[in-house]
Amino acid sequence: MNFQQAVASVFRNYANFNGRAARSEYWWFVLFSFLVSAVLTLIDGSGLLSGIWSLIVLLPSLAVGARRLHDTDRSGWWLLIMLVPLIGFIVLIWFFVTRGNDGPNRFGADPLGANGALAA
């Protein structure tokens, strides 16, 4: 999945907490969100625009995070571990960088398909 496909997929599924998201979809969206936030901060030094952007991408970020956790066969409720200072962030990053399960799992079909290439 390339950059444009990932961003489009996340916004198309902005409130979909079901199914699975490949690593590429998650990390391309994280990069996109970070870059937009950085540009908005540079444009408006007060951070108002960046704060508004953060509110806009809050629900899509939670949804793609839950789908990413589903790809590793974990419940989306694991996102709440972020509330544990420092350790929660480290554990969640580890979950997000871990390779997803091959083949279907209890959350749906493999987003990469059977041969490891991104499913259409």
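Which residues are exposed on the other side of helix 2? They are Phe34 and Leu42, where exposed means over 50% relative accessible area, buried under 20%, and partly exposed in between, computed with a 1.4 Å probe and protein chains only.

## Basis of the description

This is a predicted model, in which local features need pLDDT of at least 70 and side-chain atom pairs count only at pLDDT 80 or more, while totals for chains, interfaces and linings use all residues. Residues are numbered from 1 along each chain as its sequence is written, and side-chain values use heavy atoms, with hydrogens and water left out.

Helices here are DSSP runs (H or I, at least four residues), numbered from the N terminus. Helix 2 covers residues 23-43, and its 21 residues should span 30 Å at 1.5 Å a residue, which agrees with the 30 Å between its end C-alpha atoms; the expected span is 1.5 Å times one less than the number of residues. The buried residues of helix 2 are Glu25, Tyr26, Phe29, Phe32, Ser33, Ser37 and Leu40. Seen down the helix axis, these buried residues fall within an arc of 130°, so they line one face of helix 2, the arc being that of the directions from the helix axis to the C-beta atoms. An α-helix has 3.6 residues a turn, so residues three or four places apart point the same way.

The cover over the buried residues of helix 2 includes helix 1 (3-12), helix 3 (48-56), helix 4 (58-71) and helix 5 (87-97). Tryptophan 28, also in helix 2, is partly exposed at a relative accessible area of 32%. Leaving aside neighbours within four places in sequence, tryptophan 28 is in contact with Met1, Asn2, Phe3, Ala6 and Val7, contact meaning heavy atoms within 4.5 Å. The C-alpha atom of tryptophan 28 is separated by 9.1 Å from that of glutamine 5, a residue 23 residues apart from it along the chain.

Just after helix 4, aspartate 73 takes a positive phi of about 65°. Aspartate 73 belongs to the loop between helix 4 and helix 5 and, at 31% relative accessibility, counts as partly exposed. Leucine 86, found in the loop between helix 4 and helix 5, has a positive phi of about 60° although it is not a glycine, and is exposed, with a relative accessible area of 62%. Most residues other than glycine have a negative phi.

## Nonpolar surface patch

Phe11, Tyr14, Phe17, Leu58, Leu59 and Leu62 make a nonpolar surface patch of about 510 Å². Such patches consist of residues with over 30% relative accessible area and no salt bridge, with nonpolar side chains (Val, Leu, Ile, Met, Phe, Trp, Tyr) joined within 5 Å, and accessible areas come from the Shrake-Rupley method with a 1.4 Å probe. The largest share of the patch, 3 residues, comes from helix 4. Phenylalanine 17 lies in the loop between helix 1 and helix 2 and is partly exposed, at 32% relative accessible area.

## Salt bridges

The whole structure holds 6 salt bridges, each defined as a side-chain nitrogen of Lys or Arg within 4 Å of a carboxyl oxygen of Asp or Glu. One of these joins aspartate 71 to arginine 20, with the closest N and O atoms 2.7 Å apart. Aspartate 71 lies in helix 4 and arginine 20 in the loop between helix 1 and helix 2, so the pair ties together parts that are 51 residues apart in sequence. Both aspartate 71 and arginine 20 are buried, the latter at 9% relative accessibility.

Arginine 20 also forms a salt bridge with aspartate 110, where the closest N and O atoms are 4.0 Å apart. This pair links distant parts of the chain, with aspartate 110 in the segment after helix 5, 90 residues apart from arginine 20; aspartate 110 is buried, with a relative accessible area of 12%. Elsewhere, aspartate 102 and arginine 99 meet in a salt bridge of 2.8 Å, N to O, in which aspartate 102 is exposed at 57% relative accessibility and arginine 99 partly exposed at 47%. Salt bridges that share partners join Arg20, Arg68, Asp71 and Asp110 into one network.

Conventions
Helices (H or I, at least four residues) and strands (E, at least two) are DSSP runs, numbered from the N terminus. Patches are made of residues with over 30% relative accessible area and no salt bridge: like charges are joined within 9 Å, nonpolar side chains (Val, Leu, Ile, Met, Phe, Trp, Tyr) within 5 Å.
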